[in-house]
Amino acid sequence: MLSKKASCDSHGQDSSYFLGWEEYEKNPYHQVHNPNGIIQMGLAENQLSFDLVESWLAANPDAAGLKRNGESVFRELALFQDYHGLPAFKKVLVEMMAKMRGNKVKLEANNLVLTAGATSANETLMFCLADPGEAILLPTPYYPGFDRDLKWRTGAEIVPIQCTSSNGFKITPSALQDAYERARKFNLKVKGVLITNPSNPLGTTMTLLELNHIIDFVIEKDIHIISDEIYSGTAFDSPSFVSILEALMQRNLENTQVWNRVHIVYSLSKDLGLPGFRVGMIYSNNPAVVSAATKMSSFGLISSQTQYLLSQMLSDKKFTRKYMTENKKRLLKRKEMFVSGLKSAGITCLESNAGLFCWVDMRHLLRSNTFEAEMELWEKVVCDVGLNISPGSSCHCTEPGWFRMCFANMSEETLRVAMQRIKVKLVDGNQSRSTTAVVKSARLQIQTKWVLQLASYNRGPDR
């Protein structure tokens, strides 16, 4: 009795990325009330600098109280607002984005479209750029939610750009061309390349060489670039973050055709740690894209109250400067703590310099070099070790044995518990597998199906 869209299974909810969350929600860890519960390491949230935001709110009660100079602005904000967004909010957003890029790029508020989070921003761009059945190229491994965000309602397709550990999962010209030819083999028109920079799940910033490979490729193919830069403010170590706009400017490509085919997605969910506020945005130099996306934004607006509060916060230059500096210091310290703990257990990570997670190499713990073995290890980690992590197969990685583990969404003490569990329960094998915590077999069958599919297009045999 439902529509085809409502009843189809292309949402991706059967991915282990989401199934691990379900297991966590049944048995969440609590230091006192449930010390044997599952620790959430599959959620990329930044809770390390909440105290800085809370201190600002305490010192600025008028903003949270919806007041201006002591006078209430409640009625002003409660009434209908133009879906273009509050001008003051858009102004401080582009200023903050420019500051995160070292003020090397000048951004215009008129080129900004507000959306209810980056999820909405990415989907809106897909609606603007691709018709159903057309394709976007996406480097692997990639954020599992893209299968939902880019494909589910738009009808567009994802064709993976297959990157490997042999060069640290960096994008190469041959990988770009191979993906393009694979799309043509399936009679798919390629409309663009989507990158995440810094990368989710790798936790790395893209090199200028990689960005130039992509720029050369899209110029040759006459297609678009979507650069998802929602982790740009988390680049806590060298090399520094380079935006796609900066890479274009270094080549003097402003006011060219390719300049108008580059679109940036950003949000305050990761850098400022405010995913619940649902603040996302699209930045584009293409007037037609800005116009169409603005019209579409009426289906997912940011509340006026949220815009007002954050415009007050972000206009405080002293606060934003302190927050950006201190947040990066805390992320670096936490990442080093996590990597050191894994190293003591004999586990290494891809070298990273950004993000809220590490790309963890557990290939040596697999019984065989297959995705079935990866699923067995993932089940053991979730059910026996008590950690919800994301297997590489959910991120469409072409090599079994890689896992994304988040480190910024918990206290330091909880992270120490997680690392101790990894060493004792997983690596040392000091605790036998629980028979009462096994994921239901029907669910595992769904997961296996998902792993073997990975995407609509064959990624090649297991290696």
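1. Starting with β5 (residues 135-139): this strand runs parallel to β7, and three bridges join the two. Strands here are DSSP E runs of at least two residues, helices are H or I runs of at least four, and both are numbered from the N terminus; two strands pair if DSSP finds at least two bridges between them. Within this pairing, Leu 137 has Val 193 of β7 as its bridge partner.

2. A word on what we're looking at: this is a predicted model, where local features need pLDDT of at least 70, side-chain atom pairs count only at pLDDT 80 or more, and totals for chains, interfaces and linings use all residues. Residues are numbered from 1 along each chain as its sequence is written, and side-chain values use heavy atoms, with hydrogens and water left out.

3. Back to β7 (residues 190-196). Seven of its seven residues are buried, so the strand is largely enclosed by the rest of the structure (buried is under 20% relative accessible area, exposed over 50%, partly exposed in between, with a 1.4 Å probe and protein chains only).

4. β7 also pairs with β8 (residues 224-228), again in the parallel sense, over five bridges. Ile 195 sits opposite Ser 227 of β8. Together with helix α10 (residues 208-221), β7 and β8 make a right-handed β-α-β unit; right-handed here means that, with the strands pointing away from the viewer, the path from the first strand over the helix to the second runs clockwise.

5. Next, the sheet with strand order β11-β12-β15-β14: four strands, open, with antiparallel pairing. Its edges are β11 (348-349) and β14 (390-391), each of which pairs on one side only. β11 is joined to β12 (residues 357-361) by two bridges, and Cys 349 has Val 360 in β12 as its bridge partner.

6. Two helices pack on that sheet. α14 touches β11, β12 and β15 (402-406), its direction making about 15° with that of β12. α15 (residues 371-385) touches β14 and β15, at about 30° to the direction of β15. Contact means heavy atoms within 4.5 Å; axes are lines fitted to C-alpha atoms, for helices over the stretch in contact, and angles run from 0 to 180 degrees between N-to-C directions.

7. Finally, α14 (residues 317-344) against α16 (residues 412-427): the axes come within 9 Å and cross at roughly 20°. The two are therefore roughly parallel to each other (under 35 degrees; over 145 is roughly antiparallel, 65 to 115 roughly perpendicular, the rest oblique). Residues meeting here include Met 337 and Phe 338 in α14, and Leu 415 and Met 419 in α16.
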